[in-house]
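Visitor: Can you walk me through this one? I'll ask as I go.

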Amino acid sequence: MFSNASNFVQGVDMAFAIIVGISLFFLITLTGTMIYFVVRYDHKKHPEARQIKDNKWMEATWITIPLILVLYMFYIGWEGFIPMRQAPKDAMQITAIGKMWKYEFQYEGNKVSDTLVIPINKAVKISLKSVDVLHGFSVPSFRIKEDMVPVKDNYTWFIPGELGDFDLFCTVYCGLNHAYMHSIVRVVPEDQFNEWVAYLPEKNADAENPGYKVMEKNGCFACHNTTGTRLVGPSFKGIYGRKIKVMTDGVARELIGDDSYVETSIYEPNKDISDGYPANIMQSYKNSINKEDMKLIQEYIKTLK
Ligand SMILES: [Cu+2]
């Protein structure tokens, strides 16, 4: 009767079905009684109104029965909710980070992904964090919805029971692109998961460096890397203090990498052409990188020894 997408579906759907059932029962019987009374006690059939006062039995009944019913509704809701806050100790641990406007999932070993991939039939516990504002972590198919709160850590857990892709939504209005804050939970067989996680790249330790962020935003890493290998342009690694051969106005010369060389390379890329690299490939960033950002870039490149 219920889907098996997660271990919480049955509890939540059962509570929902029972409450809808009770509501429907009262909707139908109350409306029915009302219609019956309208006909039965119509003015023509029943010209003289009569007051009925103080029927203790009736009052006791309409207090007791609804009280039992709402307490029962509370009870089944409570029963469905409690297991959601009791993650098993051996659950697989993943951290989900909400940021304007995307999710990032961190797996053991400092590996990151932007889709949440998990093995079927295994308990996963997801620590929920936010780096900026309130976000939501809602997987309707799993009947899960938790807030991601900056400063205060939250969590959720579940056991996925069906293979496939399931929508993950941010359910807390979090700014301009809130509507695009959407991702996927992909449930796969365990061996497929192990293979996937083995190939997942490790998080770049520099990703939070302000200079790195400026360069990422400006697309520098399309042509440069930080690891020492050549791409379209030279690597950023070890520029500072190194002897660099350049062509300046068609004349070969040597200089020592420093702040002013980095600045010239970014504002006037065709002035000192790095030896062995083509000119006119890199454009000038004079208009898009200001002096403050330049400082951040220089500070960051300095750390790449
Ligand atoms: Cu959000």
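Visitor: Which residues of H5 meet H6?
Guide: Asp259, Val262, Glu263 and Ile266 in H5 meet Met294, Ile297, Gln298 and Ile301 in H6. A contact here is two residues whose C-beta atoms, placed from the backbone, lie within 7 Å. Helices (H or I, at least four residues) and strands (E, at least two) are DSSP runs, numbered from the N terminus. This is a predicted model, where local features need pLDDT of at least 70, side-chain atom pairs count only at pLDDT 80 or more, and totals for chains, interfaces and linings use all residues. Residues are numbered from 1 along each chain as its sequence is written.

Visitor: At what angle do H5 and H6 cross?
Guide: The axes of H5 (residues 259–267) and H6 (residues 291–302) cross at roughly 125° and come within 10 Å. That makes H5 oblique to H6. Angles under 35 degrees count as roughly parallel, over 145 as roughly antiparallel, 65 to 115 as roughly perpendicular and the rest as oblique. Axes are lines fitted to C-alpha atoms, for helices over the stretch in contact, and angles run from 0 to 180 degrees between N-to-C directions.

Visitor: And H1 with H2, at what angle do they cross?
Guide: Roughly 165°, with the axes of H1 (residues 9–40) and H2 (residues 56–81) coming within 8 Å. That makes H1 roughly antiparallel to H2.

Visitor: Which residues of H1 and H2 meet?
Guide: From H1, Gly11, Val12, Met14, Ala15, Ile18, Ile19 and Ile22; from H2, Leu69, Met73, Ile76, Gly77, Glu79 and Gly80. By class, the contact of H1 with H2 has nine nonpolar, three polar and one charged residues.

Visitor: On to sheets. What is the order of the five strands?
Guide: E3-E2-E1-E5-E8, an open sheet with mixed pairing. Its edge strands, E3 (111–113) and E8 (154–158), each pair on one side only. Two strands pair if DSSP finds at least two bridges between them. E5 (residues 124–130) and E8 pair in the antiparallel sense over five bridges, and Lys125 stands opposite Trp157 in E8.

Visitor: What about the open sheet of three strands, in what order do they come?
Guide: The order is E12-E11-E13, and the pairing is antiparallel. E12 (251–256) and E13 (272–274) are the edge strands. The twist averages 45° from one strand to the next. E11 (residues 243–248) and E12 pair over six bridges, with Val246 opposite Arg253 in E12.

Visitor: Last one, overall dimensions. What does the C-alpha trace span?
Guide: About 115 × 45 × 30 Å along the principal axes of the protein chain.

Methods:
Ala, Val, Leu, Ile, Met, Phe, Trp, Tyr, Cys and Pro count as nonpolar, Asp, Glu, Lys and Arg as charged, and the others, Gly among them, as polar.
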